[in-house]
Amino acid sequence: FSTLRLILGDQLNAQHSWFNDDKDDVLYVLAEIRQETDYVAHHIQKVCGFFAAMENFANALKKAYFHVLHLTLDDTQDDASLPDLLARLCSAYQCRRLQYQRPDEYRLATQLGDMETKSVDIECVESEHFLLPYDDLTQYFRPNQHLTMEHFYRQMRKRFNVLMNGDTPVGEQWNFDAKNRAKLKKKDLAEIPEPLLFETDISRINDRVARHKVPTIGKLDEHFIWPVTRAQAKQLLSYFCEHLLPNFGRFQDAMTANTPHRWSLYHSRLSFALNTKMLHPKQVIDTALSAYEQSNGVIDVAQIEGFVRQILGWREYVRGVYWVNMPDYKHYNTLNAKRALPGYFWNGKTRMRCLEHAIDQSLATAYAHHIQRLMVTGNFCLITGINPDEVDEWYLGIYIDALEWVELPNTRDMTQFSDNGIIATKPYAAGGNYINKMSDYCTGCHYNVKEKTTEQACPLNSLYWNFLNRHRKRLENNPRIGMVYRNWDKQSLETRDATLARAKWCLDNIEAL
Ligand code: FAD
């Protein structure tokens with residue numbers, strides 16, 4: 001073969017222009033490799049999901065008469081790194097050219113960019129996945145500079161002509177966020193459709209992962225529920241458009257512990273299919289738009305706009321923020337947070353019902369929806385001052401969709417405010433009140449959400465005030481938060497002291513909460 005082409009586990013894009021080229025002289029390689037399983041302790045479903053999707057992609061290419069080398073952990077156990085493996089393959093197959101698609105993660109982009117192979121030309125090509133081309137990112141993003149998501153999103157709506165009537169947004173409004181805040185009432189719970197779960201047998205892969213003693217977290221049931229083929233990914237997209245999109249925006253921020261079989265609520269669960277590139281974001285947006293247009297009003301504009309905002313807005317936006325700010329971005333810790341992540345993040349054993357539910361669900365399914373990630377686990381880490389390195393590691397490991405380019409901006413930046421606000425204009429800090437407003441977690445919790453200073457008081461309440469008090473100098477002049485300090489100052493000295501004392505107790509006994 002004259003050319004070796006590397007396909008990474010998150011580059012399963014069947015529409016890539018590579019596959020329009022002549023097949024004969026090109027060898028494609030997909031490889032399971034310890035470098036990728038071991039850089040963090042991943043959820044077992046994440047490792048198996050990536051490996052299964054890679055194998056299926058390799059088989060689909062073979063069926064279309066491409067030359068494909070699919071290597072398992074057995075085949076690569078002596079390769080210390082990806083460059084070592086590629087050098088070995090180039091030599092074994094006498095390739096003169098090595099091509100790879102631009103990695104989305106800085107770690108891999110640097111490693112492959114630094115690679116040198118004697119007498120082999122190395123070329124990086126675009127992954128052809130995102131709507132915004134990589135080279136255009138610097139037109140919108142500058143290092144260390146805040147750009148509001150909303151501003152970027154409106155530019156994307158215009159640039160790609162999505163939900164536009166000429167120059168004006170469909171529905172005469174850019175953003176229907178205010179309509180995305182409904183709580184789930186009792187009568188709503190029974191109406192939530194069950195999630196579409198696949199039942200793929202991946203025991204062979206799981207056995208291989210176990211045999212190689214890959215360190216993993218979380219649980220894996222007999223059947224694998226996530227899409228691992230393009231056909232399954234498309235099925236999940238259709239299911240979303242038909243059953244979930246009609247209420248997507250409405251209940252986007254809602255949380256409940258009372259629907260164990262409908263744990264993903266109205267969320268799409270498409271992130272794994274998107275991040276592995278089995279689905280293209282344009283394909284997802286176009287499919288959702290055509291469902292909206294054909295729905296005779298069943299899907300209203302607030303629902304479709306809410307969904308488009310996530311993909312065309314947030315997803316493209318965090319990628320831009322990531323690339324212009326790396327590599328420093330990974331080390332920011334403006335709030336000087338140093339505490340270790342409590343043990344219950346790995347087993348769910350806490351009496352705080354909100355955390356228990358979000359963590360248990362994450363361990364069981366490798367998934368939590370956005371508000372669970374942001375306002376339950378994320379908020380807890382923020383107001384208790386957990387070291388952002390540990391927070392990043394947990395998020396990067398536990399979620400099936402976690403890849404650094406999308407995890408890091410959401411975690412270190414949006415939830416932990418570690419960069420002083422490149423994304424968020426204020427920390428997303430909250431007490432128990434917010435959780436109680438948006439969920440049913442507080443009913444039946446060991447702690448009392450209405451109390452702040454007693455032994456029974458919800459820890460989030462005192463921890464919230466303690467967080468604000470600790471960072472007063474930094475936050476007080478922030479116009480989005482200044483008001484809160486006036487509320488704090490209005491409380492009696494006695495109440496403030498008791499609140500801070502309760503927070504101190506919670507922090508000193510964080511493992512016991
Ligand atoms: P839906 O609610 O159905 O949304 C549709 C799609 O929009 C998602 O599939 C995703 O592709 C995109 N999207 C929505 N919100 C965001 C966002 N904030 N950033 C980027 N894309 C978004 N998403 C990941 O894909 N990988 C991660 O590792 C990841 N880590 C996160 C960590 C934290 C602390 C937080 C607060 C959010 C994180 N997110 C991450 C964003 C978001 O929570 C997930 O994309 C979403 O929960 C995936 O579930 P879904 O497909 O059902 O999403």
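Biologist: In which loop is R269 found?

Modeller: R269 is found in the loop between α9 (230–244) and α10. Keep in mind that this is a predicted model.

Biologist: Why does R269 count as buried?

Modeller: The cut-off is 20 or more other C-beta atoms within 10 Å. R269 has 23 C-beta neighbours inside 10 Å, so R269 counts as buried.

Biologist: Which loop holds A366, and what is its phi?

Modeller: A366 is found in the loop between α13 and α14. Its phi is about 65°, a positive value, although A366 is not a glycine.

Biologist: Is A366 buried or exposed, and how do you know?

Modeller: Set the count against the cut-off of 20. A366 has 28 other C-beta atoms within 10 Å, therefore A366 is buried.

Biologist: How far is D286 from G218?

Modeller: Their C-alpha atoms are separated by 34 Å. Along the chain, D286 and G218 are 68 residues apart.

Biologist: What makes N469 partly exposed?

Modeller: Partly exposed covers the counts between the two cut-offs, 12 and 20. N469 has 15 other C-beta atoms within 10 Å, so N469 is partly exposed. N469 lies in helix α18 (residues 459–470).

Biologist: Which peptide bond is cis, and what is omega?

Modeller: The bond from M326 to P327 is cis, with omega near 5°. P327 sits in the loop between α12 and α13 (353–365).

Biologist: On to the strands. How do you know that β1 and β5 pair?

Modeller: Pairing needs at least two bridges. Four bridges join strand β1 (residues 3–6) to strand β5 (residues 97–101), so the two strands pair. They run parallel. T3 stands opposite R97 in β5, and R5 stands opposite Q99 in β5.

Biologist: What joins β1 to β2?

Modeller: β1 and strand β2 (residues 26–31) pair in the parallel sense over four bridges. L6 stands opposite V29 in β2.

Biologist: How many bridges join β5 to β6?

Modeller: Five bridges join β5 to strand β6 (residues 121–125), and the strands run parallel. Q99 has E123 as its bridge partner in β6. The chain crosses from β5 through α4 to β6.

Biologist: Why is that β-α-β crossover called right-handed?

Modeller: The test views the strands pointing away from the viewer, and a clockwise path over the helix is right-handed. The crossover through α4 is right-handed, so its path runs clockwise in that view.

Biologist: Next, the ligand. Which residues come nearest?

Modeller: H267, S268, Q310, A402 and E407 come nearest, out of 28 residues around the ligand. The elements that give two or more residues to this shell are α10 (271–275), α12 (301–325), α14 (370–384) and α16 (404–415). α16 gives the most, with six residues.

Biologist: How does the shell around the ligand divide by class?

Modeller: The shell has 11 nonpolar, 12 polar and five charged residues. Domain 2 (134–197 + 229–253 + 260–325) and domain 3 (343–512) each supply at least three residues to the shell.

Biologist: What makes you say that domain 1 touches domain 3?

Modeller: A contact needs C-beta atoms within 7 Å. 12 residues of domain 1 are in contact with nine residues of domain 3. Of the elements on that side of domain 1, α2 gives the largest share, three residues. By class, that side has three nonpolar, four polar and five charged residues.

Biologist: How far apart are the C-alpha centres of domain 1 and domain 3?

Modeller: The C-alpha centres lie 39 Å apart.

Terms used:
Residues numbered from 1 in each chain as written. Predicted model: local features only at pLDDT ≥ 70, side-chain atom pairs only at ≥ 80, totals over all residues. Domains from an automatic or database assignment. Contact = placed C-beta atoms within 7 Å. Nonpolar A, V, L, I, M, F, W, Y, C, P; charged D, E, K, R; others polar. Near = placed C-beta within 6 Å.
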